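Visitor: I would like to learn how to read a structure like this one, feature by feature. Could you take me through the general idea each time and then the case at hand?

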4 protein chains.
Amino acid sequence: MSTLIHDETGTQRLVGYVIEVGHEDGCARCWLDVDERHLNRHNVLHGGIATMLMDSASGATGSMTVDPSGLAPFLSVSLNVQFIAAGQPGRVTAIGKITGGGRSIKFISAELRHEDGTLIATSTGVFKRVPQEKLS
Amino acid sequence: MSTLIHDETGTQRLVGYVIEVGHEDGCARCWLDVDERHLNRHNVLHGGIATMLMDSASGATGSMTVDPSGLAPFLSVSLNVQFIAAGQPGRVTAIGKITGGGRSIKFISAELRHEDGTLIATSTGVFKRVPQEKLS
Amino acid sequence: MSTLIHDETGTQRLVGYVIEVGHEDGCARCWLDVDERHLNRHNVLHGGIATMLMDSASGATGSMTVDPSGLAPFLSVSLNVQFIAAGQPGRVTAIGKITGGGRSIKFISAELRHEDGTLIATSTGVFKRVPQEKLS
Amino acid sequence: MSTLIHDETGTQRLVGYVIEVGHEDGCARCWLDVDERHLNRHNVLHGGIATMLMDSASGATGSMTVDPSGLAPFLSVSLNVQFIAAGQPGRVTAIGKITGGGRSIKFISAELRHEDGTLIATSTGVFKRVPQEKLS
């Protein structure tokens, strides 16, 4: 059973995306209902917002390797994004996937698709687990 | 003399960044006064917003190679981001720089710094000029 | 039916990899029998050689979108590589895959695996078809 | 005073590049006299060899943060390469530069230039220090 994370951070409240964690496949989702507030000067989804959704899905996918709540903190170290197609208004969903890594560093890729199936963007990233001693 | 671009797109109005174009060095700037709305779950600047600022500065820098208004449309093809240090609240500024390319494809890098001088993130990207025939 | 490309270029003769094109799935392969000449100071496959194999498989995959011989020239514009695991001696094979793009620019990803199934590295890249007029 | 590293690994002996370490600026160099053995099907420097030189310069630059001999082992975690211009025969030199990072992870960029000054390629990468306990 999956759990939704809403309104957790300032950015999430501002932009309005939702994170879904807890899926058995270990892949977190991050979706957004794209409207006029999320568009760029070409009137399609802003690349920065597309990146935000893939980064968030990837980080939560990393968290799920530690505990199913998707809240264990992971930092983005580097992220490479390919902007494949224009993102039209409507729901878009990023889904993360672990491709490798060890205990502290994970390689996580993500795909962002429109609800009509269009592949909008892909990303590959290096993520780092935040050690517990740094959190207290 | 530089020109400020405010509130041009939905995303820009939502997030509140400002683009500066027209500098003689050919490098567009994009700055944001980071507050609580731009933070992630670690209470520092969200990586997606950092990326947005560098992407915007890079795209406007590409535009300035065509005309100084910084409005000639350039698309992001791919973008690689390195998250160097946490971005604290305060003004952060991305500055773009052409590293190479031909008539239609440009290689553009960017640096994002806090007003205290900290290097927060760097990016390198491939950008593509939108042909005129696609705009009419 | 697939075709093997051997010894086509100086680099290929030096390093010894083989390119396979013509598969019905549209994905070119590039394989190498890794021996002592391909190792780095950690005594595993050198990252530069791993990159070479994925770059070659990706470029040939791009070529196959134009004609099945895999010889139509495509240039690498940018390439992002994730080094997932150490590559041990033995046969390693890169396989390319188109993820998107238009007539002149293609997004092509690749995976490099050891014959024992280990995923050694992944790449995502932007490739550009060389226009015919530039070739004469 | 700088030191040259020749013929250290199988790949280095095969390809023939030289690593220079020990410079006061903390930036390792890696150079190669490009000849017919290093060319691709466009008769210019193969992208995989360009990547190898930048990867090697970056790794040695990371090593120099630990000790000036440039031999402390650093692993490439991810590498992003931009192929800016064709590399012609002649000497080409990659130079690495630390852009950030902490004790175990370093962000290292590199530039590859021809002896005539042409910028051939740039890279940004994430590198990881190999812990001492893993070496014994």
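Visitor: In which hand does α2(C) pass α2(D), right-handed or left-handed?

Guide: A crossing is called left-handed if the near helix is turned anticlockwise from the far one by less than a right angle, and right-handed if clockwise. Here α2(C) passes α2(D) in a right-handed crossing. Before we go on, note that this is a predicted model, in which local features need pLDDT of at least 70 and side-chain atom pairs count only at pLDDT 80 or more, while totals for chains, interfaces and linings use all residues. Residues are numbered from 1 along each chain as its sequence is written, and chains are lettered from A and ligands numbered from 1 in the order in which they are written.

Visitor: At roughly what angle do the axes of α2(C) and α2(D) cross?

Guide: Axes are lines fitted to C-alpha atoms, for helices over the stretch in contact, and angles run from 0 to 180 degrees between N-to-C directions; helices (H or I, at least four residues) and strands (E, at least two) are DSSP runs, numbered from the N terminus. The axes of α2(C) and α2(D) cross at roughly 155° and come within 8 Å. Angles under 35 degrees count as roughly parallel, over 145 as roughly antiparallel, 65 to 115 as roughly perpendicular and the rest as oblique, and α2(C) and α2(D) are therefore roughly antiparallel to each other.

Visitor: Which residues make the contact of α2(C) with α2(D)?

Guide: Two residues are in contact if their C-beta atoms, placed from the backbone, lie within 7 Å. From α2(C) the contact draws on C:Gly47, C:Gly48, C:Ile49, C:Thr51, C:Met52 and C:Asp55, and from α2(D) on D:Gly47, D:Gly48, D:Ile49, D:Thr51, D:Met52 and D:Asp55. For classes, Ala, Val, Leu, Ile, Met, Phe, Trp, Tyr, Cys and Pro count as nonpolar, Asp, Glu, Lys and Arg as charged, and the others, Gly among them, as polar; on that reading this helix contact has 4 nonpolar, 6 polar and 2 charged residues.

Visitor: How do α2(A) and α2(B) cross, right-handed or left-handed?

Guide: The crossing of α2(A) and α2(B) is right-handed, with axes that come within 8 Å and cross at roughly 155°. These two helices are therefore roughly antiparallel to each other.

Visitor: How many residues of chain C are in contact with chain D, and what supplies them?

Guide: In this model 28 residues of chain C are in contact with 28 residues of chain D. On the chain C side, α1 (10–15), α2 (47–64) and β4 each supply at least two residues, and the largest share, 8 residues, comes from β4(C). By class, that side has 9 nonpolar, 14 polar and 5 charged residues.

Visitor: How many residues of chain C are in contact with chain B?

Guide: There, 5 residues of chain C are in contact with 5 residues of chain B. Strand β4 (residues 74–83) of chain C gives the most to this side, with 3 residues, and the side divides into 3 nonpolar, 2 polar and no charged residues.

Visitor: How many residues of α2(B) are buried?

Guide: A residue is buried if 20 or more other C-beta atoms lie within 10 Å of its own, exposed if 12 or fewer, and partly exposed in between, with C-beta atoms placed from the backbone. In α2(B), 18 of the 18 residues are buried, so this helix is largely enclosed by the rest of the structure.

Visitor: Is B:Arg29 buried or exposed?

Guide: B:Arg29, which lies in strand β3 (residues 29–34) of chain B, counts as buried, with 21 C-beta neighbours inside 10 Å. Leaving aside neighbours within four places in sequence, B:Arg29 is in contact with B:Glu20, B:Ala57, B:Thr93, B:Ala94 and B:Ile95.

Visitor: Where is B:Asp7, and what is its phi?

Guide: B:Asp7 sits in the loop between β1 (3–5) and α1 (10–15) of chain B, and its phi is near 55°, a positive value in a residue other than glycine. With 9 C-beta neighbours inside 10 Å, B:Asp7 counts as exposed.
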